[in-house]
Structures are given as C-alpha cells and as structure tokens.
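Let's walk through this model together, beginning with a pair of packed elements and then turning to the charged side chains.

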Amino acid sequence: MKLFLGILLCSLVLGVSSQRWLSFLKEAGQGTRDMYRAYSDMREANYKNSDKYFHARGNYDAAQRGPGGAWAAKVISDARESSQRVTDLFKYGDSGHGVEDSKADQAANEWGRSGKDPNHFRPSGLPDKY
C-alpha cells in the first residue's frame, strides 16, 4: 500500500509522466544514497567547519542523478533542518539557537542542488579522500 501511495504521489503531485516514474524513483533512491554517503563521510572526517561542504556535496551528487535525485535531496535536507530546529527548541527553548547555522546549511544545500561546485565550501586541510 505504501509503495502504491508513493507511486501515486510521484505520478500525480510531482507531475512525473507515467513513462518516467520508474526512472524518477530510481534517481530518488540513488540520490538518497548520495546524501547518506555525504553524511557518513562528514561523520567519519569529523573535520572542523566542514559541514557546509558535505551539505553542498551531498545535494550536488544527488541532484546530478536527475529530477528524482534533486527531489530526494530537497526532502532529506528540509527534514534534517526541520528536525534540528525542533530538537533545538526542546534543548534551548525559543532562544533562536542554531537559526543562523540552519540558514547557512540550507544555503549550502541549495548551492549544491543548483549544480554549483561544492568545493566552494571545502575547508582548507580537509583530506583529499573527501
């Protein structure tokens, strides 16, 4: 049932033609993996001031997959930032804690999704592996 609803959502709401919905879902899956890989690399690198680079890189890689990848990147990025705002609200109250960082993260997300070079956010000294 969930699969059917997902297909229906993709076909009707997102305007995906009936001939492209499988391609869209494949791109979305690949984009999700790209986002996860960027997140995993960010955690592994544990490098100061590198989060904007990994945000931009994950969104860039996912968007390169096509419309499905760009959609997945936007959904994941928005969900991540929304959940962070909720947890910050519980931790710090209505102090505005983290608002500027969240805006900067979203700017990096959009930068990557728009096809711009994520290396713009790459901090000096980050190992070449990333």
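Start with helix α3 (residues 51-63) and helix α5 (residues 99-113): their axes come within 7 Å and cross at roughly 35 degrees. Axes here are lines fitted to C-alpha atoms over the stretch in contact, with angles running from 0 to 180 degrees between N-to-C directions. Helices are DSSP runs of H or I with at least four residues, and strands are E runs of at least two, numbered from the N terminus.

A caveat on provenance: this is a predicted model, where local features need pLDDT of at least 70, side-chain atom pairs count only at pLDDT 80 or more, and totals for chains, interfaces and linings use all residues. Residues are numbered from 1 along each chain as its sequence is written, and side-chain values use heavy atoms, leaving out hydrogens and water.

Zooming out, the protein chain has five helices and zero strands. Of its 130 residues, 32% count as buried, meaning under 20% relative accessible area, with exposed over 50% and partly exposed in between (1.4 Å probe, protein chains only).

Now the charges. A salt bridge puts a side-chain nitrogen of Lys or Arg within 4 Å of a carboxyl oxygen of Asp or Glu, and the count comes to eleven. One of them joins K52 and D105, at 2.7 Å from N to O. K52 lies in α3 and D105 in α5, so this pair ties together parts that are 53 residues apart in sequence. K52 counts as buried at 16% relative accessibility, and D105 is buried at 2%.

In helix α4 (residues 67-92), K74 and D78 sit four residues apart, about one helical turn. Their side chains meet in a salt bridge at 2.9 Å, N to O. K74 is partly exposed at 40%, as is D78 at 25%.
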